[in-house]
Amino acid sequence: MDELDTLVELSSQMELEHAEDSDGRVGDGSRYVPSELLDQRRRTETTEPTHPSCFTPKEKRAAFAHPAQLPNGKNIVLLKTLLSSACERDCYYCPFRAGRDFRRATFKPDEFANLFGKMHQRGLVEGVFLSSGIAGGGVRTQDKLLDTAEILRKKQNFRGYLHLKLMPGTEKDQVFRAMQLADRLSVNLEAPNTERLAKLAPHKIFIEELMRPLRFIEEIRRNEPAYKFWNGKYPSAVTQFVAGGADESDLELLTTTHWLIKNIRLQRAYYSAFHPIHDTPLENKPAVNPMREHRLYQASFLLRDYDFDLEDLPFTSDENLPLHADPKLAWANLNLIHSPIEINTADKHQLIKIPGIGLKGAEVILNARRMNKINSLSALKKLNILADKAAPFILLNGKKPSTQLAMSF
Ligand code: SF4
């Protein structure tokens with residue numbers, strides 16, 4: 001295998017890892033995306049990166065590059081790959097689990113860094129998301145990831161985007177080193193608690209191996225000044241869950257997500273709807289409806305950015321979110337339909353609870369009404385608010401707006 005073949009092998013199953021906003025689900029990562037906008041976006045987004053024609057088909061395949069949107073809104077081409085697909089663990093859902101029969105591949109840190117450096121210099125990729133199977137324990141594997149990152153930063157002088165995975169059991173000094181090298185760090189929790197994790201990954205320890213490295217990130221952020229870290233900023237922390245893999249409820253997933261947002265300033269939780277992989281213990285378990293991912297994303301943004309609490313979310317009796325209902329709309333139908341909010345006096349906290357009004361929209365309304373009162377749905381539309389969606393839940397100068405009038409604009 002030459003180095004490009006190795007990269008193809010290592011990158012081939014990486015669609016299971018959600019990175020940044022490459023899945024097109026959530027726009028800039030801070031914005032609540034109602035279902036109808038999501039559908040529109042899915043129709044218009046490209047899923048394939050475009051490369052200059054000077055690259056060979058093999059190079060393009062090897063790059064396995066993903067269009068991704070960074071937290072600052074910038075679009076880049078991200079190389080998502082593993083340092084090694086050899087793994088000593090046996091997580092039930094994972095294509096890389098020990099004993100599964102497929103061709104494994106491994107890069108040494110300098111091999112990967114050199115290859116990435118060449119690809120980056122030629123403009124094939126702009127950033128990297130680097131994970132690994134575990135060989136010789138999480139600590140030793142983490143050292144290899146850190147060595148790779150260090151070569152990229154210090155020898156290759158790579159200043160672009162680096163998302164580094166933290167392995168189970170990563171120690172505090174390793175987390176500190178990772179924070180000096182990466183823009184983003186992630187630990188895949190996979191399941192929301194110890195009991196559920198046992199159904200997915202019998203040899204991972206939820207608190208000691210997975211939660212602890214996430215807590216180290218926040219501990220270090222609280223105790224060390226930002227200038228000590230990469231580019232003088234604290235890297236963000238994210239995690240990923242296999243949604244539905246352990247028969248857990250949405251309430252369990254969102255309870256853990258909410259705790260992480262409040263206590264360790266988690267930037268994002270990614271939800272990957274379970275789908276069975278051949279030749280794994282869960283190969284006969286039915287796939288989870290991908291709409292569940294979408295509802296979980298919507299709910300997690302409501303918790304993170306929209307001042308919602310868990311009890312505001314419209315869980316059904318089985319503690320899941322209804323698949324057919326936008327959770328913000330469902331909340332408004334219960335809480336605002338008989339107590340509409342006056343657009344001309346509401347504060348930001350009230351405005352962002354209204355369907356059709358996002359974080360930016362609330363700011364725009366607050367600014368606009370300093371000049372003039374907002375008297376009509378057409379005035380709201382001119383501010384780029386989804387006025388028809390907001391209409392059932394608002395008052396304009398004390399009156400319910402006429403949707404009929406608005407439809408004519
Ligand atoms: S430790 Fe990671 S790579 Fe290894 S089997 Fe588990 S999920 Fe897969």
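User: Between which strand and which helix does the loop with Asn193 lie?

Analyst: Asn193 lies in the loop between strand 5 (184-190) and helix 7 (194-200). Two things before we dig in. Residue numbers start from 1 along each chain, following the sequence as written. And this is a predicted model, where local features need pLDDT of at least 70 and side-chain atom pairs count only at pLDDT 80 or more, while totals for chains, interfaces and linings use all residues. As for the names, helices (H or I, at least four residues) and strands (E, at least two) are DSSP runs, numbered from the N terminus.

Leaving out residues up to four places away in sequence, Asn193 touches Phe206, Glu252 and Thr256. Touching here is a contact, with the backbone-placed C-beta atoms within 7 Å. There's a C-alpha distance to look at as well: Asn193 and Met211 sit 18 residues apart along the chain, and their C-alpha atoms are separated by 9.8 Å.

Helix 8 covers residues 206-223, and its axis comes within 9 Å of the axis of helix 6 (residues 172-179), crossing at roughly 60°. Those axes are lines fitted to C-alpha atoms over the stretch in contact, with angles running from 0 to 180 degrees between N-to-C directions. On the helix 6 side, Lys172, Val175, Phe176 and Met179 make the contact, and helix 8 brings Pro213, Phe216, Ile217 and Ile220. By class, you get seven nonpolar residues, no polar ones and one charged. (Nonpolar means Ala, Val, Leu, Ile, Met, Phe, Trp, Tyr, Cys or Pro; charged means Asp, Glu, Lys or Arg; the others, Gly among them, are polar.)

Next comes helix 9 (residues 250-264), which meets helix 10 (residues 290-305) with axes within 10 Å and a crossing of roughly 35°. Helix 9 uses Asp250, Leu253, Leu254, Thr257, His258 and Ile261, and helix 10 answers with Leu296, Ala299, Ser300, Leu303 and Arg304. That contact splits into six nonpolar, three polar and two charged residues.

Follow the chain past helix 9 and you'll land on Arg265, in the loop between helix 9 and strand 7 (268-273). Arg265 has a positive phi of about 50°, though it is not a glycine. Arg265 has 15 C-beta neighbours inside 10 Å, so it counts as partly exposed. Glu319, in the loop between helix 10 and helix 11 (327-335), is another case to look at. Its phi is near 65°, a positive value in a residue other than glycine, and Glu319 is partly exposed because it has 14 C-beta neighbours inside 10 Å.

Five of its five residues are buried, so strand 3 is largely enclosed by the rest of the structure. Gly127, Phe129 and Ser131 point one way, with Val128 and Leu130 pointing the other. Strand 3 pairs with strand 2 in the parallel sense over five bridges; pairing takes at least two DSSP bridges. Here Thr81 has Leu130 as its bridge partner.

Zooming out, the protein chain has 16 helices and nine strands. Of its 409 residues, 43% count as buried. And among contacts with a separation of 6 or more, 69% come from residues 24 or more positions apart.

Key:
Contact = placed C-beta atoms within 7 Å. Buried ≥ 20, exposed ≤ 12 C-beta atoms within 10 Å, placed from the backbone.
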